[in-house]
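I opened my notebook to keep track of a few look-ups. Here is the entry I worked from.

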Amino acid sequence: MEVRRAGLTAVNFWGAGTAAGITASGPASVLVQRHGAHIRVAVADPGRTLTTLSVELPFRARAVATADDSVSLTPGRRPVLTVAVGGSRGHTHRAELVP
(Lines give C-alpha, C1' and ligand atoms only; values in the text may rest on other atoms or scores of the structure.)
Protein backbone atom coordinates (compact mmCIF):
# COMPACT_ATOMS: atom_id res chain seq x y z
CA MET A 1 0.00 0.00 0.00
CA GLU A 2 1.27 3.47 -0.84
CA VAL A 3 0.03 6.84 0.33
CA ARG A 4 2.19 9.11 -1.81
CA ARG A 5 1.01 12.39 -0.24
CA ALA A 6 2.18 11.15 3.16
CA GLY A 7 5.37 9.56 1.74
CA LEU A 8 4.20 6.26 3.22
CA THR A 9 4.70 2.73 1.88
CA ALA A 10 3.57 -0.42 3.72
CA VAL A 11 4.39 -3.92 2.47
CA ASN A 12 3.76 -7.36 3.93
CA PHE A 13 5.96 -10.14 2.52
CA TRP A 14 4.94 -13.79 2.93
CA GLY A 15 8.36 -14.83 1.65
CA ALA A 16 11.37 -13.30 -0.07
CA GLY A 17 10.35 -10.86 -2.78
CA THR A 18 9.90 -7.32 -4.05
CA ALA A 19 6.89 -5.02 -3.83
CA ALA A 20 6.58 -1.24 -4.29
CA GLY A 21 10.34 -1.15 -4.96
CA ILE A 22 11.18 -2.65 -1.54
CA THR A 23 12.91 -6.05 -1.45
CA ALA A 24 12.90 -8.37 1.57
CA SER A 25 14.98 -11.52 2.02
CA GLY A 26 12.13 -13.34 3.77
CA PRO A 27 8.76 -12.95 5.47
CA ALA A 28 8.44 -9.42 6.83
CA SER A 29 6.22 -6.45 7.50
CA VAL A 30 7.89 -3.23 6.33
CA LEU A 31 6.70 0.34 6.81
CA VAL A 32 8.63 3.22 5.21
CA GLN A 33 7.89 6.92 5.53
CA ARG A 34 9.88 9.57 3.70
CA HIS A 35 9.35 12.73 5.72
CA GLY A 36 11.38 15.91 5.33
CA ALA A 37 15.09 15.24 5.63
CA HIS A 38 14.66 11.71 7.01
CA ILE A 39 13.43 8.27 6.05
CA ARG A 40 11.72 6.30 8.80
CA VAL A 41 11.69 2.51 8.52
CA ALA A 42 9.98 -0.09 10.70
CA VAL A 43 10.55 -3.82 10.13
CA ALA A 44 9.12 -6.90 11.84
CA ASP A 45 9.22 -10.67 11.33
CA PRO A 46 5.63 -11.56 12.21
CA GLY A 47 6.25 -15.24 11.47
CA ARG A 48 9.07 -15.30 14.03
CA THR A 49 11.00 -17.69 11.79
CA LEU A 50 14.14 -15.71 10.89
CA THR A 51 17.30 -14.71 12.69
CA THR A 52 18.35 -12.00 10.20
CA LEU A 53 16.34 -10.11 7.61
CA SER A 54 17.63 -7.89 4.80
CA VAL A 55 15.49 -5.09 3.38
CA GLU A 56 16.57 -3.13 0.30
CA LEU A 57 15.01 0.30 -0.21
CA PRO A 58 14.34 1.93 -3.61
CA PHE A 59 15.99 5.27 -2.86
CA ARG A 60 19.32 6.63 -1.61
CA ALA A 61 20.28 6.65 2.07
CA ARG A 62 23.69 7.89 3.25
CA ALA A 63 23.65 7.26 6.98
CA VAL A 64 21.68 6.28 10.07
CA ALA A 65 20.33 9.16 12.17
CA THR A 66 18.97 6.84 14.88
CA ALA A 67 18.26 3.11 15.00
CA ASP A 68 17.60 0.21 17.29
CA ASP A 69 20.74 -1.81 18.10
CA SER A 70 19.35 -4.62 15.97
CA VAL A 71 19.45 -2.55 12.74
CA SER A 72 22.47 -1.79 10.55
CA LEU A 73 22.70 0.00 7.20
CA THR A 74 24.71 -0.55 4.04
CA PRO A 75 24.35 2.92 2.47
CA GLY A 76 24.04 3.66 -1.22
CA ARG A 77 21.65 4.27 -4.10
CA ARG A 78 19.67 1.19 -3.02
CA PRO A 79 20.55 0.92 0.66
CA VAL A 80 20.17 -2.34 2.54
CA LEU A 81 19.02 -2.61 6.13
CA THR A 82 20.14 -5.74 7.95
CA VAL A 83 17.87 -6.47 10.89
CA ALA A 84 18.60 -9.01 13.63
CA VAL A 85 15.06 -10.26 14.22
CA GLY A 86 15.90 -13.54 15.96
CA GLY A 87 14.40 -13.79 19.42
CA SER A 88 12.46 -10.54 19.08
CA ARG A 89 9.11 -12.40 19.05
CA GLY A 90 7.78 -10.38 16.12
CA HIS A 91 8.48 -6.99 17.65
CA THR A 92 9.22 -3.97 15.48
CA HIS A 93 12.77 -2.80 14.72
CA ARG A 94 13.14 0.88 13.80
CA ALA A 95 15.60 3.12 12.02
CA GLU A 96 15.68 6.72 10.84
CA LEU A 97 17.93 7.26 7.83
CA VAL A 98 19.50 10.32 6.22
CA PRO A 99 18.98 10.53 2.42
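Below are my notes on a few residues and the contacts they make.

**Ground rules.** I'm working with a predicted model, where local features need pLDDT of at least 70 and side-chain atom pairs count only at pLDDT 80 or more, while totals for chains, interfaces and linings use all residues. Numbering runs from 1 along each chain as its sequence is written, and side-chain values use heavy atoms, with hydrogens and water left out.

**Entry 1: H93.** I started with H93, which sits in strand β11, residues 93-98. (Strands are DSSP runs of E, at least two residues, numbered from the N terminus.) Is H93 buried or exposed? I looked up its relative accessible area and got 8%, so H93 is buried. (Buried means under 20% relative accessible area, exposed over 50%, and partly exposed in between, with a 1.4 Å probe and protein chains only.)

Next I checked what H93 touches, skipping residues up to four places away in sequence: V41, A42, V43, D68, S70, V71, V83, A84, V85 and S88. (Contact means heavy atoms within 4.5 Å.) With S70 there is also a polar contact, side chain to side chain, at 2.6 Å. (That term means a pair of N or O atoms within 3.5 Å; within protein, one must be able to donate a hydrogen and the other to accept it, and residues adjacent in sequence count only if both atoms are side-chain atoms.)

**Entry 2: salt bridges.** How many salt bridges does a search of the whole structure find? I got two.

I noted R40 as partly exposed, at 36% relative accessibility.

E56 pairs with R78, and here the closest N and O atoms are 2.8 Å apart. E56 lies in strand β7 (residues 52-56) and R78 in the loop between β9 (71-74) and β10 (80-84), 22 residues apart. Both ends came out partly exposed: E56 at 25% and R78 at 38%.

**Entry 3: A20.** Last, I found A20 in the loop between β3 (17-19) and β4 (22-24). A20 is partly exposed, with a relative accessible area of 39%. Leaving out residues up to four places away in sequence, A20 touches E2, T9, V11 and P58.

How values were computed:
Helix = DSSP H or I, 4+ residues; strand = E, 2+ residues; numbered from the N terminus. Salt bridge = Lys/Arg side-chain N within 4 Å of Asp/Glu carboxyl O.
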